[in-house]
Amino acid sequence: MSPAPAAARTPALVPTHCPYCSLQCGMNLRASGAGTVEIVEREDFPVNRGALCGKGRTAPEVLSSRVRLTGPLVRRPATGRLEPATWEEALRVTADGLRRARALHGADAVGVFGGGGLTNEKAYALGKFARVVLGTSQIDYNGRFCMSSAAAAHTRAFGLDRGLPFPLEDVPRTGCVVLVGSNLAETMPPALRYLTELKQNGGTLVVVDPRRTKTAEQADLHLAPRPGTDLALALGLLHLVVAQGRTDEEFIRARTTGWEETRAAAMAHWPELVERITGVGVPELRAAVDLFCDAPAAMVLTARGPEQQSKGTDTVGAWINLALATGNAGRPLAGYGCLTGQGNGQGGREHGQKADQLPGYRKLDDPAAREHVARVWGVDPASLPGPGRSAYELLDALGRDVRALLLMGSNPVVSAPRAAHVEERLRALDFLAVADVVLSETAELADVVFPVTQWAEETGTTTNLEGRVLLRRRAITPPEGIRSDLEVLHGLAGLLGHEKGFPTDPEEVFGELRRASSGGPADYAGISYRRLEEEQGVFWPCPEAAEPAGDAHPGTSRLFLDGFATPDGRARFVPVVHREAGEETDAEYPVVLTTGRVVAQYQSGAQTRRVAELNAAAPGPFVEMHPRLAARVGVADGEPVAVVSRRGRAVAPARVTETIRPDTVFMPFHWPGEGRANTLTNPALDPVSRMPEFKVCAVRLERASA
């Protein structure tokens, strides 16, 4: 039988991954004409087993020319407006703007701001571009606003930061999960099945959240502390573990250090004190300890709730201490893990776009790390700048110390704390260039806008929340007028005197990344595109085979089973004590605001707000409040209410519900304009991670008509 004519053949399926959250759900793509794709279920990928949320299912809609950028834009002095330009002009104007700022004010007058959605290749190239081409220390990225506190605590306790030290498949097989500050039913819906399977297997679930979310509804026990008191809660639980004699003394002696100081700190947080601080009753505290300690193995998983605080590192550290004290670390089906948020939030924090970091999770102030990476880059180690400002501090310095900025894959006008101030700082720049797929609120302020390729139009790697390195594959050709971020960096580097060193082929960039990461904490040296095509991802660390003809390293799906990544192989208890939030309530601002996400939108909403189906499900911001609080303010459900903090005012409809504490309001942060939640949030920084305090600030409520 002769083959079907070419026109009648079904286009081949291209296996790839969702562009949104850190699950990096597997999907198949089929080119469907007109520059877009059809999504086909991919059941063989173990993380999501074919399931997708609405965001993933509708991701192809952002490929449409109706919503995306279709060509470069340059702001014309004569009109003050962004107008179409050629690529050559856009690159030249940007190179001139960066060069001018450096010549007038020095190398650190040029800043670079990256994103947790960039592929590993882009993040690596961006960090190299900042340090080699621009010679600036002023580079950080929006992932600082997501996982930095957990990363700092993880490194402090275990010597290594990987969001989950075990694969997700282990979660349903443990005995108890304590989930702190995560509403994964809305933020990563396909992951909810792991908690459902946990309970089906006889395990128990404790959820810590000031709201009774869809995730909390699945819990055996829901603890609803006052926002900003998670640290006291963890200390109170550890106090009870000690008082009841439920510590694992053999594990503590054999595999940890620092216990006595940590024990003493916990004993200063007795249950009745913790009840007064958190609002969680002593019987609930005891019930949580029983569920956690009665299980043969247990896990603590944290997300943005405890992490996005000015004491986030210590808060996560307190939950790690609880796991260590009970022997729930460094053994199968137990441990602490962080539910990383952004699509490449894990890989994005490993390969050089952080202010203090070199590829492979190396430290920028480590002489051996500088020498190794400089050798790969072909530069003098002394030429590499030192650590720079963290993300908010960098944004706060715009227009003053930092005069020109190159920004890729981020929308801080919506997503940064104290957003109105950040918008003012962006407007104060001498020059701003933005690379993005859509004209975001931040891109609207730029002098040059580069339209770049999207997930289905490019190949590259990401690293999901498990530490599993994955290959996104190109399924369609990008439209004419669109280039990749790697091509942008290549073009700028050439105009700035670096003709070599910035290839546009992602596999070539990944090859260099492998060499730069070799021997580092996040070692990718043994991972290749070929392996990623043949396997369902490879977990790092994955060093190169010891012998050229030797067996390939299988990757490391489970960390710490034989020892922790510290010099002596022992985990570190770190004593911590409760302290107040950066801003507590008072008579003028008597209510606590906390922020977060909803299921139909993603991060700043720059992409999802352009999808009709998602907008229909989540059309705009709202202020979630308890009926008692609504009655006190005098607003009914659906009526506009003003939320006022020391930084600004936001207005959105009231959503009245009994599923939130009466002293707390919640706002999602996906929208700009008068309902922008981050107009209100407090940029108070954690002293270790430099994480802003998104989750806690003092506000007052007013009828909008007032």
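Contact means heavy atoms within 4.5 Å. This is a predicted model, in which local features need pLDDT of at least 70, side-chain atom pairs count only at pLDDT 80 or more, and totals for chains, interfaces and linings use all residues. Residues are numbered from 1 along each chain as its sequence is written, and side-chain values use heavy atoms, with hydrogens and water left out.

**Leu301**
- Leu301 touches Leu164, Phe166, Val177, Val178, Leu179, Val180, Gly337 and Leu339, leaving aside residues up to four places away in sequence.
- Strand E12 (residues 298-302) holds Leu301; helices (H or I, at least four residues) and strands (E, at least two) are DSSP runs numbered from the N terminus.
- With a relative accessible area of 4%, Leu301 is buried (buried is under 20% relative accessible area, exposed over 50%, partly exposed in between, with a 1.4 Å probe and protein chains only).
- Between the C-alpha atoms of Leu301 and Gly163 there are 9.5 Å, and the two residues are 138 residues apart along the chain.

**Helix H4**
- Nine of the 11 residues of helix H4 (residues 148-158) are buried, among them Ser148, His154 and Phe158.
- The cover over the buried residues of H4 includes helices H12 (304-307) and H13 (312-325) and strands E13 (335-338) and E22 (571-572).

**Cysteines**
- The whole structure contains zero disulfides, a disulfide being a pair of cysteine sulfur atoms within 2.5 Å.
- Cys18 is in no disulfide, and its nearest cysteine sulfur, that of Cys53, lies 6.0 Å away.
- Cys18 is buried at 7% relative accessible area.
- Cys338 is also in no disulfide, with the nearest cysteine sulfur, that of Cys146, 9.5 Å away.
- Cys338 is buried at 1% relative accessibility.
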